[in-house]
Amino acid sequence: MEFAYPEPWSISGEIAARAGDLGVLGHLEQLRDEGYANIPSVYDAEFCRELREAVVDATARESGGYFDLKPSDGRSAYHLLGANDLFAQALLSPVLQVVAEYLCGGDFLLSQLSASVRYEGAAPMALHIDSQWIPPTPYNPMFTACLALDELSEEAGATRVIPGSHKLMRNPGLNEAAACEKGVAMSGSVGSMSIWTGYAWHANFARSIPGERALLHMTFCRLGYRPVEDYSDLGDDFLSRWPPVMATMLGRNSWLGLAGRNGGRCEMEHYTRMWAAARR
Ligand SMILES: O=C(O)CCC(=O)C(=O)O
């Protein structure tokens, strides 16, 4: 068994080859160097049209809040896996899969699958990192990829990110946040994917134009961290309809939680798989 871990942020030959075939190797390098990337045309227009309807329905049903978001700014919905097959399909994009393996290692986990709709006039968020509960680590612990279901620009309320800030592995201080008023708008067309790493400073712009901004937010973490959402209610009837990576993303191939279960078995095949995956 191999004991060594790869260098933090290194791109393995296998990942480089897969990313190269998909035309996204430069985006992985940008994630490493600047902490974010915007990948155009990841999902096709018809899929996005149907997914947008599902997002509008789910958020209208749930009318979920988001930190200090006011009801007049927009609405969110959470725990979307299992609610509509389109949400599961979005996770299986080959581009997203290679980005997830690069940023969160082998047997990465789905942490959260949520959606947001923001209205004209929506106020901007404050600058923050997402890895609030993970002490600083040079191995990127988690990331979010947002699928654009409407055109994104600064005026449309795109997510904004501060390039290179992920290297600090901490929240911005109040003065620092005030000093980086602008940053980069994660602009893109419908079907593009904006990605920010776990320690990248990000927020969003106010939406100043008419209409709504709908996004699907897909968050992943390394197999050693605890996901935000709990999908333990999704059983074999759900998993049997999807490729095996779906079960892996839900942690079902990891040894964690299995020790001594199933009649006291040690589940060593899961243990060795997890050991190797954590070093990929
Ligand atoms: O909605 C956005 O544009 C950004 C969301 C965000 O910052 C977050 O989910 O952490």
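This is a predicted model: local features need pLDDT of at least 70, side-chain atom pairs count only at pLDDT 80 or more; totals for chains, interfaces and linings use all residues.
Residues are numbered from 1 along each chain as its sequence is written. Local features need pLDDT of at least 70, side-chain atom pairs count only at pLDDT 80 or more, and totals for chains, interfaces and linings use all residues, while side-chain values use heavy atoms, with hydrogens and water left out.

Six strands make up an open sheet in the order 1-7-4-9-3-2, with antiparallel pairing. Strands (E, at least two residues) and helices (H or I, at least four) are DSSP runs numbered from the N terminus, and two strands pair if DSSP finds at least two bridges between them. Strand 1 (36-39) and strand 2 (74-77) are at the edges with a single partner strand each, so one side of each has no neighbour in the sheet. On average, neighbouring strands of this sheet are turned by 20 degrees against each other, direction ignored. Strand 1 pairs with strand 7 (residues 193-197) in the antiparallel sense over four bridges, and Ile-39 stands opposite Met-193 in strand 7.

Two helices pack on this sheet. Helix 2 (residues 25-34) touches strand 1 and strand 7, and its direction makes about 155 degrees with that of strand 1. Helix 3 (residues 45-62) touches strand 2, strand 3, strand 4 and strand 9, and its direction makes about 100 degrees with that of strand 2. Axes here are lines fitted to C-alpha atoms, for helices over the stretch in contact (heavy atoms within 4.5 Å), and angles run from 0 to 180 degrees between N-to-C directions.

Helix 5 (residues 94-104) is largely enclosed by the rest of the structure, because ten of its eleven residues are buried. Buried means under 20% relative accessible area, with a 1.4 Å probe and protein chains only. Among the buried residues of helix 5 are Gln-97 and Glu-101. Just after helix 5, Gly-105 has a positive phi of about 80 degrees.

Gly-74 is found in edge strand 2 and is buried, with a relative accessible area of 6%. Leaving aside neighbours within four places in sequence, Gly-74 is in contact with Leu-69, Val-117, Arg-118 and Tyr-119.

On a 1 Å grid over the protein atoms alone, a cavity is a set of points where a 1.4 Å probe fits but cannot get out, and a pocket is an open set with protein on both sides within 12 Å along at least five of seven lines; lining residues have an atom within 4 Å of a point. Grid points are joined across faces, edges and corners, and a volume is the space filled by probe spheres set on the points.

The largest pocket has a volume of about 630 Å³. Of its 29 lining residues, Tyr-66, Phe-67, Met-125, His-128 and Asp-130 are the closest to its centre. Strand 3 gives the largest share of this lining, five residues. The second largest pocket, of about 510 Å³, is lined by 20 residues, with Leu-109, Pro-227, Leu-250, Gly-251 and Leu-256 nearest its centre.

The structure holds one cavity of 30 Å³ or more; the largest cavity has a volume of about 80 Å³. Its lining includes Leu-69, Arg-118 and Met-125.

Technical notes
Buried means under 20% relative accessible area, exposed over 50%, partly exposed in between (1.4 Å probe, protein chains only).
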